[in-house]
Every structure is written in C-alpha cells, then in structure tokens.
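Hi,

Here is the structure we spoke about. Please have a look, then read my notes below.

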Amino acid sequence: MTTPQLDKSYDPKAVESRWYQLWNERGYFHASPDHAGEPYCIVIPPPNVTGSLHVGHALNHSLQDILIRWRRMQGRNVLWLPGTDHAGIATQNVVEKQLMAEGLSRESLGRDQFIERVWNWKAASGNTIVSQQKQLGESCDWDRLRFTMDEGLSQAVLEVFVRLYDDGLIYRGERLINWCPRCLTALSDIEVEHEDVKGKLYHLRYPLADDPNNALVVATTRPETMLGDTAVAVHPDDPRYRHLIGKKVLLPLTTREIPIVGDSILVDLEFGTGAVKITPAHDFNDYEAGERHKLPRISILTARAEMDEVGLHEAGADASLNLALKPVQKARTIVVEVLTERGFLVKTEDHKMAVGKCYRCKTVVEPYLSPQWFVKIQPLAQPAIEAVETGKIRIIPEGWTNNYLGWMRDIKDWCISRQIWCGHQIPAWYCLACNAQQIVNVDNRTVVLQGAKPIVSKTTPVHCPTCGSQQLLRDGDVLDTWFSSALWPFSTLGWPEHTAELKAYYPTSTLVTGLDILFFWVARMIMMGLKFMGDVPFKDVYIHALVRDAEGQKMSKSKGNVIDPLHVMNQFGTDALRFTLASMASPGRDIKLAEERIEGYRNFANKIWNAARFGLMYLDGTRTALPPAQRTFPDQWILSRLNHTIHTVTAELESYRFDRAAGTLYHFIWHEYCDWYLELIKPVLQDPTDPNGPSTRQTLVETLETTMRLLHPFMPFITEEIWQTIPHQGDSIVLQNYPVSNHTWSAPDTERRFALLEQTIGLIRTGRVLLNYPPGQHIPFYVDHDDRNRQEQLHQIQQHLAHLSRGEVEIKASKDWPAAQLLRLVMEGLSVGITVSGDVDLHKALERLAKQLAENDKESQRIDGKLKNAEFVSKAPPDVITEHQERVRTMARDRELLAGSAQQLRMMLGT
RNA sequence: GGGCGGAUAGCUCAGUUGGGAGAGCGCUGCCCUUACAAGGCAGAGGUCACAGGUUCGAUCCCUGUUCCGCCUACCA
C-alpha cells in the first residue's frame with residue numbers, strides 16, 4: 001500500500017470550499033430536536049441583512065463556531081441558529097440613497113412600493129454575509145436561517161406588542177425624545193452616542209421687566225434656543241438673585257416677558273452666572289423644570305432642525321431677523337450676531353461639552369417634542385436584574401455584571417416607535433370619528449396627536465369598538481429593530497407556536513457577543529425572554545473584546561485602517577484567521593490585530609501540514625497498538641503530553657479561555673510534537689528493521705489523529721484535510737468524538753526523564769555553538785550528573801542523547817574526563833564535556849561561564865540571605881525552606897564545577 | 001461627574017490560594033541537516049508605571065499618585 005502524499009506547503013484555497021460544501025451537503029450542521037444528546041444551542045447575534053462580514057463578526061463568529069464544533073464533537077445535540085436583522089434605519093437609508101440616484105423618493109413611491117424595494121434589496125444583498133459566513137467555516141444550521149422580518153418572527157412581534165399593551169407595559173405619550181433631524185425619526189436613549197466637543201458658553205443679558213437698566217445674566221451653550229425660553233431660573237438660596245424670584249425679564253429679540261422662578265434642581269450655584277434660561281421644548285432638563293413650574297413649551301424647530309415659522313411667531317420673535325427655515329447652526333450665528341449688536345451678549349467663554357449624535361448617521365440629535373410609543377420598562381427590568389443577581393444568567397467575564405446591573409437599575413422607559421417605513425408597523429389604529437380632534441394634517445402629513453385613543457390588535461380591526469365607524473387610520477410608525485431582536489432567542493425557535501424546537505433548545509446555552517450591544521440587545525432579550533417564556537433566554541453570556549488595529553485605534557472605513565477578513569482569509573487561509581482571533585481573545589482586553597500575527601498562524605498551519613506530511617512519509621508498514629507502558633520512551637512521553645494537552649484545552653474551553661486553549665494547542669503541536677517527538681522517533685522510522693517500528697507508527701498515527709480532532713474546532717479545514725488523508729474511521733472529522741483525557745497515557749516518570757534529556761541536549765547544543773561546530777558534524781561528548789538517580793536516567797536515554805546531539809555520548813564521572821582540550825558546561829548538577837578542536841576562539845565560552853558564575857553568585861547570595869534570616873526560617877513553611885536549602889546546595893556544587901571549567905579554559909588560553 | 005479595566009522584554013500579551021519572571025512576534029549569530037527557509041539551532045533583551053503600607057518575603061494583597069482606554073451621565 002502506498003500512502004498519499006501531500007504538497008510541500010499547505011494551500012488553504014485548495015481545500016476550504018471543497019470541505020465546506022461537503023459538510024453542508026451532507027447535513028452535518030443540521031439540528032433536530034429528535035437528535036440524541038443534551039441540547040446545546042447558540043443563536044447568532046444577527047448581523048444586518050444588507051451588511052458584509054467585518055473583522056468584529058469574524059471574531060464573534062469564530063468563537064461561536066469553536067464552541068459549537070467542540071460541543072458537537074462532545075456528542076451534544078447542537079443547534080447554531082443563524083439569521084439577520086433588518087436594521088430599519090440603516091437599511092432605509094441605503095434604499096433611499098438608491099432611490100435618490102434614480103430621481104425618486106420614498107414619498108413619491110408610496111409605502112407599499114417602498115417596502116417592496118427594501119425586500120428587493122434584501123434579496124440582492126442579503127446573501128452576501130451568509131456566503132461570507134460560510135467562507136469562515138461557520139457550522140450553522142442554514143436550513144433554519146431566520147430574518148427579523150420573516151412571517152413567523154413578525155407574528156412574534158405582533159403577539160408581544162399586543163400583550164405588552166394589554167398588560168399596560170406599552171403606552172403612547174408626548175415626550176421630549178431624541179430626534180435625528182436627518183433620519184427624521186425618534187431614537188432611543190442608547191441610540192445616541194455622546195461625543196465631547198469644544199463649545200462656547202454665552203453669557204446673555206435679560207433685562208428686568210420692571211427695571212430695564214438692570215438685567216439678569218444667564219449662561220447658555222445654545223443661544224439660538226433663547227427664542228423659545230419660557231422662564232429663567234435662579235437658585236432659591238442664592239443671595240444674589242433670590243429677591244428676583246417672581247419678577248419678570250424681557251426676553252431679548254422677542255416681544256415676550258418671562259418669569260423668574262426659583263429652582264434648586266436645575267440651578268447649580270457654582271456654575272456659569274447662577275442663572276439658567278429655561279427652554280422646555282428643547283432641553284431635557286428644561287422640560288422637567290417646565291413641568292415643575294407649569295411653564296408653556298414653545299417649539300421653535302422643525303423636524304429637520306430648522307427654525308420653525310409657526311414656532312417663531314408663537315415665540316414673538318423679531319421677524320426682521322429672518323430666521324424662518326434657517327438650520328440651527330446658521331440660526332445660532334445670526335442670533336449671536338444680533339445679540340452682540342444690541343448689547344445683550346456679555347461675554348463668551350470656551351466650554352467643553354458633550355453633544356449627542358445619531359448612532360447610524362452621526363448627525364447631531366435634537367431633543368424633540370412629539371408623541372411616541374414607549375415600553376414601561378421597570379416591571380420588565382426587575383426580573384432581569386434578579387436573573388443575573390441569582391446566577392441564573394452568568395456574565396463572562398464577571399466584571400461586566402456590575403455594568404449590566406447598574407444600567408438595569410437605572411433604566412428609563414424605552415422609546416420604540418420610529419418614523420420610518422422599514423420595519424414592523426405598529427399594530428395600532430385610530431378611529432377617525434372618535435379622534436377627530438387628535439388627527440391633524442401638518443406639512444401634508446397626517447399626525448396623530450397625544451390623547452388619541454388607539455385600537456391595538458394583532459389583526460386589522462374592521463370597525464371602531466366605541467362608535468362602530470369603519471373609518472380607521474393605522475399608526476404609521478414602525479418599531480425599533482431591537483424590539484424584534486429582543487425576541488430572537490424564542491421567535492427564531494417558532495414562538496408563539498409551541499414547537500419541538502422551543503421545547504428542546506430554550507433556554508439556549510450560551511450567547512456570544514460584544515460589549516457594545518449588551519444594553520441594546522442582551523438586556524432586552526433577558527427582559528423579553530423572562531416575560532414571554534417565563535425563563536431566561538440563555539445561561540451564559542460571553543462578552544468578547546473589540547477588535548482594533550495594530551495601533552489600538554478603532555477600525556473605521558474613514559480612517560482606512562480596517563482589516564478585511566475576506567482579504568485576510570484569501571491571503572493566509574481561514575484557519576489562520578480563526579486561530580489568530582481565538583488566541584488573542586483574552587478576557588477584558590481589546591484585540592490589537594496586525595496582519596503579521598495572522599501570518600504567524602499561517603506559518604503554524606503550514607507547520608501542522610508538514611508534520612502530517614512527515615507522518616505520511618513513514619507510515620508504510622504494520623502498526624501495532626501496545627499498551628502505553630510497553631511503548632518506547634518518546635511514545636510514552638508524547639502520549640503523556642497529549643493527555644495533558646487534552647485536559648487543559650477542554651478545561652480552558654469550559655471557562656471560555658479561547659486564548660489559553662489556543663496557546664496550549666500551539667505549544668503542544670509546535671514545540672512538543674514537532675520539535676521533540678518527531679525528531680526523537682526518526683531513527684526508528686528510518687530503519688525498516690527496527691523492532692519498535694510497528695508500535696511507533698501506531699503511536700504516530702494515534703497522536704496525530706487525536707491532535708487533529710483536538711484542534712478541529714479552531715482550525716476546521718486543515719484538520720479535516722489531514723484527518724481524511726491519514727488512517728481514520730468515519731466519514732468526516734466534524735462528527736468524530738472530541739478527545740477525552742486518558743489516565744493510562746499519563747507518565748510522570750517519563751516526563752521527568754524527558755526534562756533531563758531536554759536539559760542535556762540544550763547544554764550540548766550550546767557547546768556546539770560556542771565551539772563553532774557545524775550542526776551536522778559528528779562529535780564526542782561526555783555527560784555526567786552528580787545525582788545518582790539522574791545519572792541512571794542518563795543511561796536510559798543515552799541513544800536519544802546520541803541521536804539528538806549528533807554525536808557520541810559517553811556517560812562517566814566528570815573527574816575521569818580528559819583535563820585538556822575539553823569545554824565543560826554545567827547546569828543544576830548536570831555536566832557536559834565537549835572536545836575543543838581546531839583553532840577556536842574560546843573567549844565566547846569563557847564569557848558564558850563567567851556570566852553564569854556571576855548569576856550563580858547573585859542568586860546564592862539572595863537565597864542564602866533569606867536562609868540566614870531567623871524570621872524567615874521560623875515563619876516560612878517548611879517545604880519552602882527545604883526547597884531553598886536544596887537550591888543553595890545545587891548552586892554551590894554548580895559553582896565549583898563552573899569555576900573549575902573556567903580555570904581549565906584559562907589554562908588553554910594561556911592566561 | 002460617576003463606574004470599570006489596563007500599565008510586565010522593542011511590539012502584542014500570559015502569569016489566582018504572595019516564595020526562583022514567561023510566551024508569541026520582532027531582533028542577533030550559525031545552518032538550505034531528505035516534514036517544514038512559511039524552517040532548524042543557539043542567544044541578547046525586563047529596578048513587573050510611581051510612592052507608601054501589610055508580610056519573614058509582594059509582579060501578585062491594601063492605600064494614594066500619574067498616564068492610557070472603555071462604559072455611563074441633562075452642570076446650563
């Protein structure tokens with residue numbers, strides 16, 4: 001029989017798509033509630049349907065695939081459920097841009113046709129990310145691919161909305177909300193990103209109504225909103241101003257007089273001038289102050305953040321300013337100019353402040369007064385807090401738990417309505433007859449004012465239950481995309497139907513996600529899961545890091561520092577990328593990714609490839625499986641190390657330490673398997689008559705095959721390719737058992753002998769370099785150890801010493817070694833003697849000895865000092881003292897030998 | 001403003017019951033030794049941010065300081 005041969009280096013492109021297609025075709029990733037094994041389920045954090053795979057996805061998905069493949073191999077009934085979300089605002093923006101290019105608008109198209117365009121766009125681009133996920137090797141059950149706007153998931157949204165409404169947990173009301181003037185929609189609090197900017201603090205004179213020569217000076221960062229002021233507040237305890245409370249000021253640039261009120265909540269005595277203008281329609285604090293003092297609200301901005309004509313009129317603004325329809329920034333300039341001209345601007349100072357920006361389009365958001373739908377969140381949050389407090393849900397790393405709890409305990413009602421078309425339209429209708437007062441036309445748009453009475457229903461109502469009218473208007477708003485994402489762990493499993501999938505896989509096992517959506521998504525899933533399933537949606541939440549560039553900067557298209565995972569996969573192979581991300585996934589630390597790292601792990605893949613090639617070259621011949629104890633020293637040693645590796649990798653995966661699991665595999669494969677084991681067994685393999693051949697070949701195959709299975713979750717492609725090539729049983733590595741540690745493989749004595757071998761070979765090789773012997777040159781060595789047991793062990797490993805040192809090894813007492821022309825190296829009782837020949841510069845060797853002596857002296861002094869300390873001896877544990885004494889003895893012996901060796905060298909040098 | 005995390009070799013990072021400081025990459029030297037030059041072997045390189053404290057003993061525990069991140073927050 002001839003064994004198959006592999007190419008000299010690993011070519012990922014040649015194997016990846018082939019295996020993925022086969023895995024998928026054969027249904028290896030398909031899950032069923034009927035399958036055997038304890039269920040293990042992960043629902044994927046749904047990427048945007050129109051997006052493409054970025055390196056953050058690559059990390060997130062790689063870690064999930066590692067868990068999923070590992071658990072599948074462990075025999076669990078595994079379901080990894082993939083899907084996408086509709087990202088309402090983002091998707092609508094994209095489609096609107098396309099329309100604009102065609103000279104169209106969504107208004108001109110109408111709602112139904114617009115939605116059709118959205119679906120077309122989804123059909124055109126929605127598969128992009130799915131095919132990219134497949135390229136990454138993700139073993140999702142693609143038969144169960146879900147989309148947040150699918151029929152079934154939309155049913156779940158309706159069901160949840162109506163039930164929350166019926167429970168009084170959803171309400172409609174007019175509030176000051178965050179408004180994006182570009183997207184023209186409300187945003188929830190957490191969809192606003194705060195950014196520090198350098199602004200200005202303007203000090204403005206507001207003349208007193210009954211004494212216009214005197215004025216109250218207020219400080220503001222937004223002078224243009226002064227036109228909408230309806231009061232000025234001072235602190236009731238402020239001796240400077242308290243006599244003014246109850247009086248009025250003349251609001252500059254307007255015809256209005258506004259009151260001076262005392263407010264200890266709004267006003268900070270220390271800040272600014274101690275007097276604050278109150279603009280209830282344009283500031284969250286002022287809104288609340290307005291409530292406290294029953295102040296009118298004058299809205300002076302349009303939805304597009306332009307000065308509003310009606311509002312300006314209501315405010316009594318000086319019409320000569322010509323502010324109508326001016327954008328807010330422009331209006332600010334004009335207002336400041338005019339205030340300056342007319343002597344109302346006292347001074348301007350620099351001021352650091354935070355502005356809120358839309359998380360989708362980065363436009364500055366405006367507080368905007370409008371009727372919106374809200375989820376009353378407190379009753380939902382309480383059980384979600386308890387689930388984490390009691391440990392029903394574990395957040396990993398634990399450090400994020402407080403972050404979650406803190407946010408949940410201080411949670412605000414959730415604004416869920418969005419004034420866009422892409423999304424789940426709110427299932428609420430208004431009777432035109434009953435709400436005639438509340439339904440008005442503004443700018444050719446029908447607006448339903450606060451106070452309208454909605455009919456909330458899963459199905460379209462035929463008539464008004466109050467008056468019987470059939471003239472019903474559906475609410476035009478859609479729901480926040482995160483509202484549907486919050487149902488993801490059960491809506492994807494078929495809820496509200498009672499499916500077998502729900503029964504088997506809910507609660508899911510683990511959620512893998514980034515910190516950035518802990519509040520957006522994770523917290524809301526927990527609340528909704530508890531409310532509608534009566535149980536947590538998942539048991540573990542693993543939060544991974546953010547991927548940054550090599551300098552630690554956030555990756556962004558505008559900075560041009562993005563690492564494209566697809567490019568990387570093409571260049572270095574998918575396995576290399578996956579292994580890189582896994583090995584850098586240390587908890588609580590961001591990943592600084594540089595391409596060199598990926599290249600390094602590409603090299604690792606190549607190393608594995610060549611180890612397999614090596615194995616295949618020597619595999620011809622019989623193989624015999626002996627009990628471990630009867631195998632050769634190298635075989636026993638590698639089995640013991642493999643056993644240890646299996647144990648460690650499994651334990652690290654159980655605690656989500658992907659980095660340490662990867663590091664353990666890397667070290668085992670490269671530095672134990674390749675560097676030592678394969679080298680140690682070469683003599684046996686290369687001699688066809690060696691009696692240990694059959695057993696060694698067996699161990700070689702056994703360990704290689706096991707290692708491939710152990711590595712498979714991390715590097716699925718190369719492990720399958722190699723596994724298929726070497727002797728194996730079964731159709732695919734995907735379905736094989738994950739290795740379990742086997743105590744009969746453990747061989748501590750062998751490992752101790754190996755440590756001696758490694759140390760001895762190290763000294764010999766150091767000697768070779770010091771004496772300029774070429775690696776291949778056969779030279780004689782003397783070896784000795786001053787510990788009798790260790791000396792005995794040297795005899796046991798003599799043949800391996802000879803092979804690895806490429807020389808002749810004579811084990812005998814160092815006092816009997818030749819005195820001349822010999823370099824002696826010493827380490828912890830071990831001595832190695834190497835013949836000096838030719839014209840060699842011995843100074844290098846002498847330097848090494850001198851350095852080692854100096855280190856020895858320093859360390860002995862330190863330890864000896866501790867031992868001479870009476871307190872140390874009386875208080876330190878006995879085993880620590882014994883160990884210190886032992887070390888001092890060893891160092892003393894080494895010192896003597898080193899000094900002798902140095903002395904001999906000096907004699908040779910004639911100095 | 002509040003909270004959290006980090007500061008260890010040139011770079012990126014490991015290092016939990018406190019007792020001799022590690023890895024990967026990079027760097028230097030030698031080697032194309034029939035698995036692998038995407039490689040092998042050897043080696044250089046660190047008052048573990050700073051200052052105190054607890055302890056026989058601190059990279060590790062406590063306090064404070066500095067610097068860097070992140071989250072969160074309505075000082076106009």
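A contact here means heavy atoms within 4.5 Å. Keep in mind that this is a predicted model.

Start with Arg222. It sits in the loop between β8 (211–220) and β9 (231–234). Its relative accessibility is 17%, under the 20% cut-off, so Arg222 counts as buried. Leaving aside residues up to four places away in sequence, Arg222 touches Lys277, His282, Leu301, Val328, Arg332, Glu366 and Pro367. With Glu366 there is also a polar contact between the side chains, at 2.9 Å.

Next, a helix pair. The axes of α16 (residues 565–572) and α17 (residues 574–583) come within 6 Å and cross at roughly 120 degrees. The two helices are therefore oblique to each other. From α16, Pro565, Val568, Met569 and Phe572 take part; they meet Thr574, Ala576 and Leu577 of α17. By class, that contact has six nonpolar residues, one polar and no charged ones.

Now the backbone. A cis peptide bond links Ile396 to Pro397, with omega about 0 degrees. Pro397 is in the loop between β15 (394–396) and α11 (400–409). Another cis peptide bond links Trp495 to Pro496, with omega about 10 degrees. Pro496 is in the loop between α13 (488–491) and α14 (500–505).

Two non-glycine residues have positive phi. Leu325 has phi near 65 degrees. It lies between α8 (309–315) and α9 (328–341), in the loop. At 53% relative accessibility, Leu325 is exposed. Lys362 has phi of about 65 degrees. Its loop runs between β13 (345–358) and β14 (366–375). Lys362 is partly exposed, at 45%.

Best wishes

Terms used:
Residues numbered from 1 in each chain as written. Chains lettered and ligands numbered in written order. Predicted model: local features only at pLDDT ≥ 70, side-chain atom pairs only at ≥ 80, totals over all residues. Heavy atoms only, no water. Axes fitted to C-alpha atoms, helices over the stretch in contact; angles between N-to-C directions. Helix = DSSP H or I, 4+ residues; strand = E, 2+ residues; numbered from the N terminus. Parallel < 35°, antiparallel > 145°, perpendicular 65-115°, else oblique. Nonpolar A, V, L, I, M, F, W, Y, C, P; charged D, E, K, R; others polar. Buried < 20%, exposed > 50% of the residue type's maximum accessible area, 1.4 Å probe, protein only. Polar contact = N/O pair within 3.5 Å; in protein donor to acceptor, adjacent residues only side chain to side chain.
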